[in-house]
Amino acid sequence: MSATAAAPESQAGRVWARFRRHRLALAGGMVVALLLASALFAPVLAPQDPTLLDTALRFRAPFADWHFPLGTDELGRDTLSRLLHGGRVSLTVGLVAMVTTVMTGALIGIAAGYLGGIADTVLMRFVDTMLCFPQVFLLLVVAAFVPPTLVSISLVIGLTSWMEVSRIVRAEILHLKEQDFVAAARALGASRARIMFRELLPNAAAPILVAATLKVASAVLMESYISYLGYGVQPPLASWGNMLTNAQGYFDTVPWLAILPGAAITLTVMGFNFLGDGLRDALDPRLRMDP
Amino acid sequence: MIGFVARRLLQAIPLLIGVSLIGFGLMHLAPGGPLAVYTLNPTIQAQDIERIRIIFGLDQPIHVQYVKWATGIFSGNWGYTFFGGRPVLDVILERLPATLLLMGSALSVAILLGLSIGVLGAVKRYSVFDVLATTGALFALSFPTFWFGLMAIFVFAIELRWLPSGGMWELGEEGNILSLLQHLVLPTLVLALVITATWSRYSRSAFLEVMHQDYMRTARAKGVPPRARLLRHAFPNAAKPLIALLGVEVPFLFSGALVTETIFGWPGMGRLFVDALGMKEYPVLMGMMMFTAIFVILGNLLADIAIAAIDPRVRLR
Amino acid sequence: MAEPLLEVAGLQVHFPIRSALLRRRIGTVRAVDGVNLSVARGETLALVGESGCGKTTTGKAILRLIEPSGGSIRFGGEDIARHSQAQLAPFRRRMQIVFQDPYASLNPRMTVGGILAAPFEIHRIGDARDRADRVAALLRTVGLPPEAARRYPHEFSGGQRQRIGIARALALEPELVIGDEPVSALDVSIQAQIINLMKRLQAELGLAYVMISHNLAVVSHVADRVAVMYLGRVVETAPRETLFFDARHPYTQALLSAVPEPVPGRRRARQVPQGDVPSPASPPSGCHFHPRCPHAMPRCAQEAPASRIVASGHAVACHLEAP
């Protein structure tokens, strides 16, 4: 049998080739991989216990003492260890929030797009309504209502930022559902659920993947911000956001305490944003050579 | 045109109803309900809370409460603050000018800068400038606004001592325009950063799209000079997506203003929101949610109308 | 004659035209406007007409992929036009469809094995191993190797994909298969292969076909009977031989005159209908064909001609045939 079209390896290869051309995206991907690895192995990598305090060792400068490579904070805790463990917390929140966002958004988008009619009108009106509230306002109000735990913070971020995803998925489904493979499934008597989740959803994977990557970036940002304001991750558990809050009090004397966690946040957000941007270019359906 | 505006206004009604339902729902989702703040106060007895509950009408069925609350929202009675008992709308409105000043100055800077960068990038596509600008925009969009604010304070206020680190006036200099402008620089810079990045990206792609249209080639063939081509032919056509962006941007502008105001202690609505959050001032929080949402709806409405005004094709839809 | 397998009477499919803003109904497209058809067991009925005449919509409405607005669809004696999805379930196994575009009709994210196992999963037939055997058997039936099950649709050529589409349609052992222009998207060299495959399968499995086509040349190879559609209505139905040699409706005659003759030197007088096909949103009054008809009479603009039987199995809807 002669397969005239390209094999799946080379289809993935084409996407990879386009992605690789994007040097910033590649760099973003590497940063993300490094961050995930450092979060995963934080307990091994951290030179100290991040909660161990010793007021005799307050405000050590970075690179001065090899026991504290990045110095110590106002309670004498090791900054590098706190950054590593804080990254663990921030990335966990970012990823869980992203999963919540993507699942909610995809579910609503696919239901609105495939079911159409009244369901579409009601769901999309709900999306429009949610989008009327500035996200930070909505997020802070809800965050202030619930007791802050890692899970609740993630859920709050996820449940206040899914609207864009649902619009993207809906648009994709509207395009896909007119294709004959959906009619074929209906002719076979497939249930709505089967058509939505087995036939349509896998075909919307590319835009969902792009949105997911970008959503990790915004979730990390949101977590750091609400933690900075005191409604997020609570001390003594370190997160990049609450490290900034503490640091603000000693801003004029020990600026590195604020610079380091901020730089970590920036690096993470940039890594995911660049990765998502590159993925979008690589997977863009308009550029896709798919026959 | 009047019909178009009327239809758009009609379409805003379900949005307003939706917004009010969510706002009302959130208030009742609050732990302990709208009166939680009183239960925290040890000097207030249980029977006092019961009295307040009746005064506020919280003993009535939920739909009655909603109707009362919603009619209040649309007739200007937004309730009273827990602390001080002032009308919520007054509290919000007195903070509005500071926020509008900040948003206005940041938006003007961002549009001027972003538009210039975007147009220049589109005209000289793939030049060094263009590559730097698009990469820079992506960097700027990834910058956490609040950290950027802190860094700006560190550099310009603490290290260099060029500018004040926060507030709106120097103590005792309220009303001094020079002092106001000095205080305005850093927050404007911080808020404008992300908006500039967005605008440069959008205007670049809007102009690139327009510049490849046939009428642009025709204008060139006719011998219209480059500057006139850009201003008279490209600009009116590229303006449409940019006006739409302006409408869509309103909620981001509020979010950004909230962040910026908390960093710089700017006495605007964002600052009020964070303060109200700390004091569990639910009436103020909900009032601000409603206020911003109405602003967002109005922003989109105005953008739609503006687009219809410059593009006769839109009105026919 | 025994009771037909499929009998469609007065089938209508109307699409509302709505205003963009308030979704008010401002008009109706009568895509299918009172179609009558019947198909016997094991028979092939060709449904021909120009693009936009409603033939594909008719096919999809018979399968209830598009909701009919009126009329009846009797399948095996039972009217399914208003059946619920649950009531339709047993009929889903008895009639299937092969689509025109073999690129869009196979889910690009599923393996061929997954695509072919879907009918069994949906109807809860067999376990995983049994399904794999059935998939392999289906692939053999349509002339593909069993290894094809592990591959994705884009690894196959158009003709191979159409074989996969046919295999899927056959999975549940239907009695009727609707072919919606099943070969028109294929290279001419491949078309004959697919047509021969479908003819072979018909002989082996006793299938009835409704072959939707705009191409009378294809129809002449496969059809037992031909129904000609114009703007949502069937204008003439006849056995294949009769239609090709004794077409009565001016529109059928015009269509036939456009078919290239295989025998050089033998030419029909070409009758090209004047003007364009009118929009089904505002079809002409009376007989829909009258503005383009060379024989139009005043009556044609006023009154839609009823279908009249002019010979055994030959029905024409034209005032020229009026007694």
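Analyst: In this predicted model, 48% of the 317 residues of chain B count as buried. The secondary structure of chain B consists of 13 helices and zero strands, and its elements run α-α-α-α-α-α-α-α-α-α-α-α-α from the N terminus on. Along its principal axes, the C-alpha trace of chain B spans about 85 × 55 × 35 Å. The accessible surface of chain B amounts to about 15700 Å², and 67% of that area belongs to carbon and sulfur atoms. Among contacts in chain B between residues at least 6 apart in sequence, 72% link residues at least 24 apart.

For chain A, 53% of the 291 residues are buried. Chain A also has 13 helices and zero strands. Of the contacts in chain A with a separation of 6 or more, 72% are between residues 24 or more positions apart.

Of the 28 residues of H13(A), 22 are buried, so by the cut-off of under 20% relative accessible area the helix is mostly covered.

The part requested is the contact between the chains. There, 46 residues of chain B are in contact with 42 residues of chain A. The two chains bury about 3800 Å² between them, and carbon and sulfur atoms account for 81% of this area. Phe146(B), Trp147(B) and Leu277(B) together supply 16% of the area that chain B buries against chain A, more than any other three residues. The size of an interface is often given as the accessible area lost when the parts come together.

Polar terms can be listed as well. The count between chain B and chain A is six residue pairs in polar contact, with both residues at pLDDT 80 or more. The count of salt bridges between chain B and chain A is one. That salt bridge joins the side chains of Asp277(A) and Arg201(B), at 3.8 Å from N to O. On the side of chain B that touches chain A, at least two residues each come from helix H1 (2–29), helix H6 (128–142), helix H7 (145–159), helix H10 (226–264), helix H11 (269–278) and helix H12 (282–310) of chain B. H1(B) gives the largest share of that side, with nine residues.

Thr188(B) is found in helix H8 of chain B, residues 177–211. Its relative accessible area is 8%, and because buried means under 20%, Thr188(B) counts as buried. A polar atom of the side chain of Thr188(B) lies 2.7 Å from the backbone oxygen of Leu184(B). In an α-helix there are 3.6 residues a turn, so residues three or four places apart point the same way. Apart from its neighbours within four places in sequence, Thr188(B) is in contact with Leu102(B), Ser105(B), Ala106(B) and Val109(B).

Key
Residues are numbered from 1 along each chain as its sequence is written. Chains are lettered from A and ligands numbered from 1 in the order in which they are written. This is a predicted model: local features need pLDDT of at least 70, side-chain atom pairs count only at pLDDT 80 or more; totals for chains, interfaces and linings use all residues. Side-chain values use heavy atoms; hydrogens and water are left out. Helices (H or I, at least four residues) and strands (E, at least two) are DSSP runs, numbered from the N terminus. Buried means under 20% relative accessible area, exposed over 50%, partly exposed in between (1.4 Å probe, protein chains only). Contact means heavy atoms within 4.5 Å. Buried area is the accessible area (1.4 Å probe) that two parts lose on being put together, summed over both. A salt bridge is a side-chain nitrogen of Lys or Arg within 4 Å of a carboxyl oxygen of Asp or Glu. A polar contact is a pair of N or O atoms within 3.5 Å; within protein, one must be able to donate a hydrogen and the other to accept it, and residues adjacent in sequence count only if both atoms are side-chain atoms. Accessible areas come from the Shrake-Rupley method with a 1.4 Å probe; for residues, only the protein chains shown count as cover.
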